[in-house]
Amino acid sequence: MIARTTIGRLGWALAALTALPVAAAPTIPLSSGTPAAFTLQGGSFTTSYYIDVPANIAQGTQLRLQLSGTGAADADLFVRYGTPFADRSLHGANADFDLFRRYAHYAAISGTSTESIVVRASSQQPLRPGRWHIAIVNLSQPSTQLSLTATLQSAATDGGIQLEFPTATSGTCSGAPWNDSTPATPTGGNPGSTLGQQRRNAMQRAAELLAAQIKTPAPIRIRACWRDLEASATRAVLAQAGPTNLTLHDVDAPAPWLPNRYSWYAIAAASRLAGTSACGVVGGACTQPDIVATFNSRIGASDVLGGRTFDYGYTPAGTGTNFDFISITMHEIAHGLGFLGLVNIDAADGPLGARFSGEGATGYSGTGYNDVYGENTAILDANAASWKPFLDAGTSDAERAAALVSGNGLRWWGPAAVASPLNNLGAQPPPFNLPMLYAPCTGSPCAPQGGSTLSHLVQAGDLMNASYQIPGPRTLGLAKPMLDAVGWSDAGAAAPAFTRPMSSWWFDRNHSGHGLDLQLARRDANLGDVYNAIFYTFDAAGRPEIYISTGNLVDGVFVGGRDQNGNGMQRMRYDAATRTSVLDGSVGGDLIIDFNGAASAPACRSVAHAAPQLGLMSWRVGTSRGQWCIEPLVTPDSHPTPDLSGQWYGGNDSGWGIGTQMVRRGGAAPFSTNLIYYPADASGTLRWGAADFESYAPGATTTVYSVTGYCRTCTPVATTFTAIGSLSLTLTEATVGGQPTGVNRASFTLNFPGAGYTFSRTNAPITLLTLPAGGQ
Amino acid sequence: MSSFFSRRVRHLPGLFAWLAMPLAAVAAQPEQLSLGGSAPSKTAAPLAVPPPQLTGTIAVVETDGSVALQCRDVPNLQARATFLERAERRRLQEQENAR
């Protein structure tokens, strides 16, 4: 049944302590293999279904969830292990699509009502005993009849490789050569009696050979095309291929099933990891293949390459001058599966060694993301007998560019490939045992060899060698453990561990002066611990302003709870008549902070990685947005005992508050730094001021300063401080919630410059809104 | 007591009919809530961006008549519209941020 909730009181007394649980109790257990049929109203969702995976499941078991709908509806499927989905936000608003994305461990969101998800022991959130919660969302308007089946299958199923042979020409893709009726003599075990048959047979054989070496729940879809490509008597393209799309996990577009965050994956690999199809991963119609392979229809013409043609034999020819279609096809498809480095190797496209951003004329403008292939690549320093990661934050474009033409300095450090018996360098001492990637010095000065450098092996006889070989290989060879590292591994995975951010003030080194007062407010084992976040920042004129957000920590991601207006971060206004604050509906925002793997995010690349934790903070205020890399200002081990840090408020005397961080100082009294949030004018505009106690003792008084800075999207300037009043704090005991008893008190008088308004309190009782000692 | 009994008897035919219904027809129906947000829509879907290059195999006839095959990159020209569109979106966002 759907749990009832109250709309939390916004304001300084944030909703955190008043909102009721908002998770539905899932009520309908699914029996393995038994479909549940139901009608889902348009624009609605259900979280009623679940399946319990028993403790005694056999090794290799997989869970398959299948949702089937009727008509043109768009229904989506979400799965979460352990704890339930939230039905409502902390502020009582019904869950929206985004909230399901935040809670889902897996999601299938194609534009249809047929979705499937397969979870295996090798999945990022591995199949294991316990409860798997299911949410279904109907984004269409009409009601939709749906059928949901959860099946525990004793062995992994294999979707194989599905080939699409177009029958007509579409754009640059011609299908006619697959149906060429020119008689042909069976060759090398290929029984086709026409050229078209032989071509299709050879393509099918290449796909089967690959499919036998890689397993994936949803079929890998390859569109096989012919086209007139570059061709002359002395030079011709034989074939070309690539993934249709790349995808990644980002704080604003979560894909938690990808092991590496903020890192590009080929869509086929990402789909495999997601346990669904490509359209299930990224949405939209399910018409696009994962890979497009195009063959040159000019090959075989008498005026091209002396009339040499493709050899369609199943058995590789030991000698000869024709081109082994099957091994060439397997090689190109392997690139499409993700055997593909994405850093720039062409100076005409941007800086050599630059990461791929997917923006600009060639895709290399701005700050790019890592790619999972590059994250397994290493730069070898032979003289120092050491290596460093190719995409380490401390490795520059220039260092990568040098490695790309180093001859033997570009390596693969993925452990499975290094340890593989197929690694020809395996007997060498580390780090010389790292498999060598192709990095020739071509021309003068040296330049990478377009299309070969980085994404090929050097060792002889391997399918992914940079040079063609006769006989053509029929196995992936060393490419198999390398592909495993980019999303194709069947090895059992450990359940992921998620970061618990410390209660502290967090700041971004690139936006000095702005910050986030983030404090644990309440434990919630079901929906994720509740944190209060106060974004102390500056408005367009550089004046201090605050936004507040209360949200759950969902698998290491703070998700600001959305209100009825759809905002996950709010601006408040003080209401003097009621001594509280009210929602300022004129502007809303959002706040999401990813504390997992933020170090890989572009915004965090320049940040000192000595920080004890990092968060990638995605904020929105109105239509303005940004991604900041934040780190804690004060760590828990710096606090004194007793620790009176936290967010303090006045109970019924609400609408203002004080954020305190205390720092231990040897045997002396602690240093205490404070932010006071207060109404600065008669209209109730809430601002923040700063007040430090160099040596704090209860009852001490200090000066409060207003800080002038620069807007969130402006070029940073030095902040300036103006004295606006005084603060006296008597903090003796970490009392929490309810009405303050009076053991903790605050006195202050504040006059924001130019406002002609004074806000003051004398000995106002206060109590903590957040957990003592940050909940440590 | 007797009136209670008689009520049960009266309801028995209905009860039997109910028991005879197909199982699916009486399966528990899920609780439903309307989606939040002003207009239910998909947000925050993972990115789908085409790669900058495709890979290709090229054959070159050497001066001695032999043929060398090597891999090479093929600019993914169709992707460039997407890259430009993404850059334009970023520019517009930056313009919005600058307001």
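Buried area is the accessible area that two parts lose on being put together, summed over both. In the predicted model described here, chain B and chain A bury about 5800 Å² between them, and 54% of this area lies on carbon and sulfur atoms. The contact draws on 90 residues from chain A and on 52 residues from chain B.

Polar interactions also link the two chains, with 32 residue pairs in polar contact counted between chain B and chain A, both residues of each pair being at pLDDT 80 or more. Four salt bridges are found across the interface of chain B and chain A; one of them joins the side chains of Asp349(A) and Arg80(B), with an N to O distance of 3.7 Å.

On the side of chain B that touches chain A, at least two residues are supplied by each of the strands β1 (33–34), β2 (53–61) and β3 (67–75) and by the helix α3 (80–98) of chain B. Of these elements, α3(B) provides the largest share of that side, namely 11 residues. By residue class, the side of chain B that touches chain A divides into 27 nonpolar, 17 polar and eight charged residues.

Within β1(B), Ser34(B) is the bridge partner of Ser44(A).

Note on methods. Residues are numbered from 1 along each chain as its sequence is written. Chains are lettered from A and ligands numbered from 1 in the order in which they are written. This is a predicted model: local features need pLDDT of at least 70, side-chain atom pairs count only at pLDDT 80 or more; totals for chains, interfaces and linings use all residues. Side-chain values use heavy atoms; hydrogens and water are left out. Contact means heavy atoms within 4.5 Å. Buried area is the accessible area (1.4 Å probe) that two parts lose on being put together, summed over both. A polar contact is a pair of N or O atoms within 3.5 Å; within protein, one must be able to donate a hydrogen and the other to accept it, and residues adjacent in sequence count only if both atoms are side-chain atoms. Helices (H or I, at least four residues) and strands (E, at least two) are DSSP runs, numbered from the N terminus. Ala, Val, Leu, Ile, Met, Phe, Trp, Tyr, Cys and Pro count as nonpolar, Asp, Glu, Lys and Arg as charged, and the others, Gly among them, as polar. Two strands pair if DSSP finds at least two bridges between them.
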